[in-house]
Amino acid sequence: METYSITLDQKTINEIVKEYSSYLVKSNNPYLTYCIKLDDANINIYSSCKVVFQGKNSLYYYQKYKKDDSFFVHGGSDEVGTGDFFGPICVCAVSLNEKSLDLIKPYNITDSKQLTDKYISDIVEKVINKIDYSLLILNNEKYNEQIKLHNLNQIKALMHNKAYLNLKKKVNKLPQLLVVDDFCGEEKYYQYLKNEQEVVGNITFKTKAESQYLAVALASMIARYGFIKHMDLLSSQYHMTIPKGASNIVDDFAYQFVKKYGLSEIKKVCKTNFKNYQRLIERI
């Protein structure tokens, strides 16, 4: 079992106890002031102010409190485009080491859903050459083939795994802590990958991970950046500004697109399993 220890000040200890108060358990050890049992780690706090982290994700908690903020060595992945009728699915995996963490400190790295596309593009273009990442883009034609064979979550699982495998080749050794923004649960995730020759294991699955882990937030920004650039290329190719999302505006645009280019052409740029497509078929 992985074990890490550190001596912390009383203020930090109080913060830990407050944050995880619902996970406190009793202990018969007279030197143990607090015993915290989490799903992925145990935190034992001694009267000497020594704090011991044990368990699957002990390194994460150790690094979290060893440093002042979220700048600790770890990896993360996220995807975008799954809710957009037009455009690809983009998955990005990021590995952050001490050097890259220092380089990106000046920038506001956060969940891409909270940022404008322009801001994302500006920031990503400044940091993308300073970090290790793998970006996968599944275009619409390939997506429409895959969705006949797999459900969306399986497609995402396959892409996340491939992104981590590509990243592993770049960095030789992935960080101990790897976080996926949870979309199907750990059991299902690995079940989807059961036929793959190589699977990256020991992954931590967290909901809203982009708000907790810097690598996931950065992965979401780079994935969004890839999506934006691909959409720009499609808009340029068809001389029409292709809208994002899946709203009524998208429905109206799809109808105009088909009038101009035909039904066979729109299949190259949209996700045909969406309800938008069914509404389009009924409309024409």
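**Exercise 1.** Which residues have the most contacts inside the largest nonpolar core, and how many residues does this core have?

*Solution.* Begin with the extent of the core: in this predicted model, the largest nonpolar core has 70 residues. Next, look for the residues with the most contacts inside it, which are Phe86, Val94, Leu96, Leu218 and Ile266. Then turn to the origin of its members, where helix H8 supplies the largest share, namely 14 residues. Finally, note that another core, of 26 residues, lies apart from this one and has Ile16, Leu59, Tyr60 and Leu177 among its members.

**Exercise 2.** Find which residues Val94 touches, leaving aside those up to four places away in sequence.

*Solution.* Once residues up to four places away in sequence are set aside, the residues that Val94 touches include His74, Gly75 and Gly76, and also Ile131, Asp132 and Tyr133. Continuing along the chain, Val94 also touches Leu167, and then Ala215, Leu218, Ala219 and Ile222.

**Exercise 3.** Describe the phi angle, the location and the exposure of Asn202 and of Lys208.

*Solution.* Because its relative accessibility is 44%, Asn202 counts as partly exposed. Lys208, likewise not a glycine, has a positive phi of about 55 degrees, and Lys208 lies in the loop between E10 and helix H8 (214-238). With a relative accessible area of 63%, Lys208 is exposed, since the cut-off for that class is over 50%.

Note on methods:
Residues are numbered from 1 along each chain as its sequence is written. This is a predicted model: local features need pLDDT of at least 70, side-chain atom pairs count only at pLDDT 80 or more; totals for chains, interfaces and linings use all residues. Side-chain values use heavy atoms; hydrogens and water are left out. Helices (H or I, at least four residues) and strands (E, at least two) are DSSP runs, numbered from the N terminus. Buried means under 20% relative accessible area, exposed over 50%, partly exposed in between (1.4 Å probe, protein chains only). A nonpolar core is a set of buried Ala, Val, Leu, Ile, Met, Phe, Trp, Tyr and Cys residues joined through side-chain atoms within 4.5 Å. Contact means heavy atoms within 4.5 Å.
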